[in-house]
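Here are my notes for you, written as a list of points to go through with the structure open. Take them one at a time and find each residue as you go.

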Amino acid sequence: MAKYNIALCIFLLSLLYITHGKRKSNEFDVLIFTQVWPLTACFVWKESSEKHSCSLPKRDEWTIHGIWPTRYNTLGPEFCNKSLPFNPSVLAPLESQLKENWKDVHNGSNPYSFWGHEWNKHGTCAVVIKELNNEYNYFQEGLKLLDMYNMMDVLAKANILPGQKYMVEDMLEGIQGVLNKRGQIMCVHNEKTGELYVNEIRICFDKALQLVDCDGIREFPTNCDRSKQITYPSSVPHDNRVVQI
Ligand SMILES: *[C@@H]1O[C@H](CO)[C@@H](O)[C@H](O)[C@H]1NC(C)=O
Ligand SMILES: *[C@@H]1O[C@H](CO)[C@@H](O)[C@H](O)[C@H]1NC(C)=O
């Protein structure tokens with residue numbers, strides 16, 4: 001009988017642990033604001049299929065990937081509230097800006113599917129922050145952060161320009177020198193040539209939307225190979241496929 005009581009006890013404790021864990025699972029430490037370099041994102045998209053084409057912003061500029069509530073050393077929380085479904089019509093007043101600055105480079109896909117994905121996966125977790133408390137505000141805040149922390153400008157102030165190669169350490173230091181906070185740089189790897197391209201730059205905010213160091217987020221400060229130069233491309237890399245006849 002004691003054995004069953006112990007088993008029951010363990011069962012109840014684990015149930016408590018699960019429900020307790022669930023209640024807390026939407027908590028996070030920082031907001032990651034991720035900007036993407038569309039020319040690299042286009043390279044990645046084209047590499048994944050010969051059939052893929054890109055739609056790029058009108059000017060060469062960094063665009064928004066998303067604002068991601070994040071716990072240290074891990075990903076997520078994600079998909080926090082299914083009762084907050086994505087409503088495209090809410091974004092009508094922002095649409096022309098989003099189409100340029102929160103661009104889906106995947107030509108042919110409906111841009112709402114990218115925005116809907118960011119909202120469902122990240123926005124529904126960010127709603128506990130006053131400035132991000134609904135869909136409209138989430139996207140508007142993204143545009144505002146891009147305006148304030150545009151990586152084209154930040155990098156240019158550190159003399160880091162498209163068309164050049166850099167050691168990732170120098171880029172990280174450049175960002176820190178300009179913003180006075182540490183960010184994160186993510187690369188993609190060209191498997192055929194071994195080249196590395198800058199793909200994303202992430203900066204971090206606390207829950208009061210003050211810029212903070214990104215120390216502690218997953219893969220901080222970079223996933224790039226620190227022993228090699230990385231390219232900040234000024235055109236889509238290897239965008240010159242030879243058609244074999
Ligand atoms: C999800 O959103 C709904 C609608 O705003 C709200 O009533 C509910 O409390 C939210 N649930 C959680 C777990 O935050
Ligand atoms: C985008 O895709 C459509 C077909 O879905 C195609 O007609 C168009 O040329 C593509 N645009 C670019 C810039 O490649």
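1. Which cysteine forms a disulfide with Cys42? The partner is Cys54, and the two sulfur atoms sit 2.0 Å apart. Keep in mind that this is a predicted model. If the word is new to you, a disulfide is a covalent bond between the sulfur atoms of two cysteines.

2. Stay with that bond for a moment. The torsion about the S-S bond of Cys42 and Cys54 is about 95°, so this disulfide is right-handed. It links distant parts of the chain: Cys42 belongs to helix α2, while Cys54 is in the loop between α2 and β2, 12 residues apart. Cys42 counts as buried at 2% relative accessibility. Cys54 has 19% and counts as buried too, because the cut-off is under 20%.

3. Now zoom out to the whole set. The structure holds four disulfides. Count the bonded cysteines along the chain and you get the pattern 1-2, 3-4, 5-8, 6-7.

4. Next, find the bond between Cys187 and Cys224, with 2.1 Å from S to S. Cys187 lies in strand β4 and Cys224 in the loop between β6 and β7, so the pair ties together parts that are 37 residues apart in sequence. The torsion about this S-S bond is about 95°, which makes the link of Cys187 and Cys224 right-handed. Both cysteines are buried.

5. Then look for Cys204 and Cys214, another disulfide, with the sulfur atoms 2.0 Å apart. Cys204 is in strand β5 and Cys214 in the loop between β6 and β7, so parts that are 10 residues apart in sequence are tied together. This link is right-handed as well, with 110° about the S-S bond. Cys204 and Cys214 are buried.

6. Is β5 largely enclosed or open? Of its 10 residues, 10 are buried, so the strand is largely enclosed by the rest of the structure. Have a look at its neighbours. β1 pairs with β5 in the antiparallel sense over six bridges, and β4 also runs antiparallel to β5, joined by six bridges. Two bridges join β5 to β6, again antiparallel.

7. Ile201 is a handy landmark in β5. Gln35 has Ile201 as its bridge partner, and Ile185 stands opposite Ile201 too. Further along, Phe205 stands opposite Leu211 in β6.

8. The hairpin of β5 and β6 has five residues between its strands; here Leu209 in the turn has a positive phi of about 60°.

9. On to the rings: there are 11 aromatic pairs. In one of them, the ring centres of Trp37 and Trp62 are 5.2 Å apart and the planes meet at 40°, so the pair is tilted. Trp37 sits in the loop between β1 and α2, and Trp62 in the loop between α2 and β2, 25 residues apart. Trp37 is buried, with a relative accessible area of 0%, and Trp62 is buried with 0% as well.

10. Two last things to find. Ring pairs link Phe86, Trp102, Trp119, Tyr138 and Phe139 into a cluster. And Lys207 lies over the face of Phe28, at 4.8 Å from the ring centre.

Note on methods. Residues are numbered from 1 along each chain as its sequence is written. Chains are lettered from A and ligands numbered from 1 in the order in which they are written. This is a predicted model: local features need pLDDT of at least 70, side-chain atom pairs count only at pLDDT 80 or more; totals for chains, interfaces and linings use all residues. Side-chain values use heavy atoms; hydrogens and water are left out. Rings of Phe, Tyr and Trp (its six-membered ring) pair if their centres lie within 6.5 Å; planes under 30 degrees apart count as stacked, over 60 as edge-to-face and the rest as tilted. Helices (H or I, at least four residues) and strands (E, at least two) are DSSP runs, numbered from the N terminus. Buried means under 20% relative accessible area, exposed over 50%, partly exposed in between (1.4 Å probe, protein chains only). A charge sits over a ring if NZ of Lys or CZ of Arg is within 6 Å of the ring centre and within 35 degrees of the ring normal. A disulfide is a pair of cysteine sulfur atoms within 2.5 Å. Two strands pair if DSSP finds at least two bridges between them.
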